[in-house]
Amino acid sequence: MFSYLMFKYSFKQVSIECITKSVYLVGIIFNITSLLLYLAGVVSVNFNFHGNQFTSFGLMLDRNVPRLIGVHSDPNFFVFYNLIFLSIFIYFKKSKLRFLWIALSMLNVLLTMSRSGIIAVSVMLTIIIISSPIVKSIKSMRFKANTWIKIILAIIVTIIIIVTTITVLDIDLFSSIIARFKTKDGGSGRVRLVQNGIEMFKQSGYLGIGIYNFQPMNVEMFQMQHYMHNTIMEVFVEGGIIVFGVYIYSLLTLMKMALSIAKFDRRMNYLFATLIGSIVMMTTLSMIINEMLMLIFVLINVYFESMNEVESDCDAPMSQ
């Protein structure tokens, strides 16, 4: 709560435009730095990708697969942090290099080879495409000449980067991603963890086992040293039915607020898209308390209050 209030107080001191520009700029720094760290890691291991749970700079070797972690320590969390940046790159069209940042962000997501991350980004992009007026432009092919040039350049740059990754770095990107989706490991053991959680929940009398008790009980009962890797189920198992109901109600309320913001200003739809993508990833990660999740909640709250203030100012003269 202290972090939430501190974040909110800080954001209330500046304009919405300033917040948006800051998130956009941080997204550029985040993605460029992460890719450079990944390349540094690839060079540091001499292009030898044999290893497991070994990290070097922005590279993690996971069962002989070179996965990008960038400035983070985990490839799945990297994608979670990058959702808001990818979304804001898509929605804010003032930057001339916008398509380049989109391509770079997408490439980084692919290099993480995170199955849940790729699914979350796919869901987020689907929402963006469906809700965007660009669909009409695509159907009618009514793009401005400079827009076509940017799109073509972005595609060319993306192809060059991918070809370079495959040939120079000797990373068969798409084959590695497909292979990860084909593996029958129950989501790296996540299915088994959910089953363990349900068993604990039954033994708790449906009142929950208590916050942060899953991991120690998982060790004691099933000899597995893992968290649940599913925030939704974690709240259900640890908090019980009542807490779970409040949590779901809170998420639905946030979704409603984000939709209201999007209707008020179409550019702010990036918050709704990010929230949906985040919820998808929450089904594969344990993050009841997480700074990026907190940031998304605060941004939705601050934007919503700002929207209401603007609407109140507009309605005041009319009421008089």
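Helices (H or I, at least four residues) and strands (E, at least two) are taken here as DSSP runs, numbered from the N terminus. On that basis the protein chain has 13 helices and 3 strands. This is a predicted model, so a few ground rules apply: local features need pLDDT of at least 70, side-chain atom pairs count only at pLDDT 80 or more, and totals for chains, interfaces and linings use all residues. Residues are numbered from 1 along each chain as its sequence is written, and side-chain values use heavy atoms, with hydrogens and water left out.

**The chain overall**

- Of the 320 residues in the protein chain, 45% count as buried, where buried means under 20% relative accessible area, exposed over 50%, and partly exposed in between (1.4 Å probe, protein chains only).
- Take the contacts (heavy atoms within 4.5 Å) between residues at least 6 apart in sequence: 68% of them join residues at least 24 apart.

**The nonpolar cores**

- A nonpolar core here is a set of buried Ala, Val, Leu, Ile, Met, Phe, Trp, Tyr and Cys residues joined through side-chain atoms within 4.5 Å.
- The largest one has 74 residues, and those with the most contacts inside it are Phe80, Phe89, Tyr270, Met292, Leu299, Ile300 and Tyr303.
- Among the elements that give two or more residues to this core are helix H2 (16-44), strand S2 (59-62), helix H11 (231-264) and helix H13 (291-319).
- H3 gives the most to this core, with 13 residues.
- There's also a second, separate core of 10 residues, which includes Met200, Phe222, Met224 and Met228.

**H3 against H4**

- Helix H3 (residues 75-91) packs on helix H4 (residues 98-112) at an angle of about 160°, with the axes 10 Å apart; axes are lines fitted to C-alpha atoms, for helices over the stretch in contact, and angles run from 0 to 180 degrees between N-to-C directions.
- The two are therefore roughly antiparallel (angles under 35 degrees count as roughly parallel, over 145 as roughly antiparallel, 65 to 115 as roughly perpendicular and the rest as oblique).
- On the H3 side, the residues that meet H4 include Phe78, Asn82, Leu86 and Phe89, and their partners in H4 include Trp101, Ile102, Met106 and Val109.
- By class, the residues of this contact of H3 with H4 come out as 10 nonpolar, 4 polar and 1 charged (Ala, Val, Leu, Ile, Met, Phe, Trp, Tyr, Cys and Pro count as nonpolar, Asp, Glu, Lys and Arg as charged, and the others, Gly among them, as polar).

**H3 against H12**

- H3 also packs with H12, again at an angle of about 160°, and here the axes are 9 Å apart.
- That makes H3 roughly antiparallel to H12 as well.
- H3 brings residues including Phe80, Ile84 and Tyr91 to the contact, while H12 brings Tyr270, Ala273 and Gly277 among them.
- The contact of H3 with H12 has 9 nonpolar, 6 polar and no charged residues.

**Asn76, a polar residue in H3**

- Asn76 sits in helix H3 and counts as buried, because its relative accessibility is 11%.
- Its contacts, not counting residues up to four places away in sequence, are Arg67, Ser114, Ser116, Arg190, Met281 and Leu285.

**H4 against H5**

- The axes of H4 and H5 come within 10 Å and cross at roughly 145°.
- Met106, Val109 and Leu110 of H4 make the contact with Ile118, Val121 and Leu125 of H5.
- This contact of H4 with H5 has 6 nonpolar, no polar and no charged residues.
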